[in-house]
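Thanks for making time this morning. I would like to walk you through one structure, strand by strand and then helix by helix, so please keep the view open as I talk.

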Amino acid sequence: MTTAISVQDLTKVYGERSALSHASFDVPLGAVCGFVGPNGSGKTTTIRMLLGLITPTGGTGTVLGESISHPEKYLPNVGAMIEGPAFYPALSGAENLRVLASLGGFPQERVEILLEKVGLEDRGQSKFKTYSLGMKQRLGIAAALLPQPRLLVLDEPTNGLDPSGIQEVRNLIKELAADGTSIFVSSHLLSELEMIAEHLVMLREGKVLFAGRTQDLLQAQSAILLAKPEFAVDLNKFASVLQNSGFKVTVENGVVNIVADADSAAKVNRMAFESGITLSSLVATQPTLEETFFEMTGE
Amino acid sequence: MLNVTRAELRKLRRPTLLYSTILVVMLLTGLFTTIIFLRIGTAHGPNRRGDMIDASILSQPQGLVYGFKIVAFFLGITALCVFASQTAQEYTLGTLRNLLVRQPARMKILAGKYLSMTIFAIVLVLADALVAIGVSYALAGHAKVSTSAWITSAALVLFGKTFVNVLLATMAYGTLGMILGLLFRSPISAIATGVIWSLILENILSAVVSSTSKWLPGQNFSNIAQGGAPEVSYHWSLILSLIYLIGAFAIVAILFKRRDVAN
């Protein structure tokens, strides 16, 4: 078994509407895989099918080597937080975890360990209904970690967390990944995913746009040179000069964005000099995941 | 399945649910038993059919369980509400997905839930029995009711039978609540439907067309608790209730097993 998740032609249709259409992708074992797509693109539907909560209309798949039509075979090794944390409001955080620990047959001692791990050791005895959104999210992550999972499926785990909470989740994911846990995480915080996810599955309108290594996706995108003339009056003149030489350019926020790799920097600089324009900065950049996402999804 | 039961009992034993429900049951039982003993020999009597109960009736072995079984209907309604809310709230809170990820065998979830709620119902019936017997003994002297027949073997057998019958009736109402909870997936809708049907519609129907009462589920559940009535036998009520409940439960169990959990 080399994949934590593998799906082929996975499809879910609700009446006339197709929530997921012939999705095929693999998530390698031990990898952190980001799962991205605009709202309504089919991410949660996919996750629910992987967890046996909804039945696919078509297609096949495996999780940890077992068919998704037999979730009972792999779910004991899977931790999941789906579409936000859902718990019993009248029970404390600790008691909510104990309910799930009893249900899964996990040792009750894990509850205190996990509350400490997600920073809720002081509020474990407070009722869930008194928790802030961030605390609820942390409890959801603790619940997902109850089985000491080989695969962790997280749907928007940083929703509602403050910057330090987001950083803690990022570190937690890195820590778990270092221990060999496969992690499939959906998030709208693409900058976060770029930092932690070596693999990526991108959806749009129920179809897979990209599935593979994050690095491959980013490298496949054209590099950008950011050239800033010393004087703002030279912006449009410089853009024209570059366009006339065959470069694809846009002007944004006092900077000329040139679709070109770092090797073209000398040529661009020379053209500026020959046109009597002084550049105050010239920087070569690669598009971020967020920029790539917007370009690919047309959002 | 036992893991599910253990998990469910953790939810059911929370003080606000367990103690408040037991308190309500004890208060109701205490109230009704007190009324029976304080109104002995009055013209209309406490019996719902208007029969007069006097000290000689209560001095017999059935005097021990009179208060106990008269509250069976309210026990049933309580069970209906608890079973319905405990089942339907999994949908409204979104916690069903957590349960199914930890226990994907959906029939085990249902069976475990049902077992835990059966234990809860046993606790309620025990509380009912204890209060009814306690109040009966406490008021027997005041009402000039002899208690010597209450400690005979016949009284103990009768107590055992009544306990089982009240428990069966309570479980029947509870099962109805669970069925409605699975069907409506909303505690408010399930409880409202169950209570309005049992408290109002069945009574109107049986009052308007008396022949319907032997076919109405709630009337039959209550008849089980009373150990049968001259108009409808105990066995008729037991068998018909089983047919209704098993049939309805099978339908909602299939729905529960097959339905996508999309919330």
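Predicted model: local features only at pLDDT ≥ 70, side-chain atom pairs only at ≥ 80, totals over all residues.

Within strand 2 of chain A, Ala23(A) is the bridge partner of Leu10(A), and in that strand Arg17(A) is the bridge partner of Tyr14(A). Residues are numbered from 1 along each chain as its sequence is written, chains are lettered from A and ligands numbered from 1 in the order in which they are written, and side-chain values use heavy atoms, with hydrogens and water left out.

Strand 1 (residues 3–14) of chain A pairs with strand 2 of chain A in the antiparallel sense over eight bridges, where pairing requires that DSSP finds at least two bridges between two strands. Strands here are DSSP runs of E with at least two residues, helices are runs of H or I with at least four, and both are numbered from the N terminus. These two strands, 1 and 2 of chain A, form a hairpin with two residues between them, and Gly15(A) in the turn has a positive phi of about 60°.

On to strand 4 of chain A, which pairs with strand 1 of chain A in the antiparallel sense over five bridges; in strand 4 of chain A, Thr60(A) is the bridge partner of Gln8(A). Taken together, there is an open sheet of four strands in chain A, in the order 2-1-4-5, with antiparallel pairing. Its edge strands, each pairing on one side only, are strand 2 (17–28) and strand 5 (66–67) of chain A. Helix 1 (residues 43–50) of chain A packs on this sheet and touches strand 1, strand 2 and strand 4 (58–63) of chain A, its direction making about 115° with that of strand 1 of chain A. Contact means heavy atoms within 4.5 Å, and angles run from 0 to 180 degrees between N-to-C directions, with axes fitted as lines to C-alpha atoms, for helices over the stretch in contact.

Let me turn to chain B. Helix 1 (residues 2–12) of chain B packs against helix 5 (residues 72–92) of chain B at an angle of about 110°, with the axes 12 Å apart. That makes helix 1 of chain B roughly perpendicular to helix 5 of chain B, a label covering 65 to 115 degrees, whereas under 35 counts as roughly parallel, over 145 as roughly antiparallel and the rest as oblique. Where do these helices of chain B meet? Glu8(B), Lys11(B) and Leu12(B) in helix 1 of chain B meet Val82(B), Gln86(B) and Glu90(B) in helix 5 of chain B.

Finally, how do the two chains come together? The contact takes 35 residues from chain A and 27 residues from chain B. The area buried between chain A and chain B is about 2,500 Å², and carbon and sulfur atoms give 59% of it; buried area is the accessible area (1.4 Å probe) that two parts lose on being put together, summed over both. In chain A, Leu53(A), Tyr88(A) and Leu103(A) lose the most area to chain B, together 28% of what that side buries.
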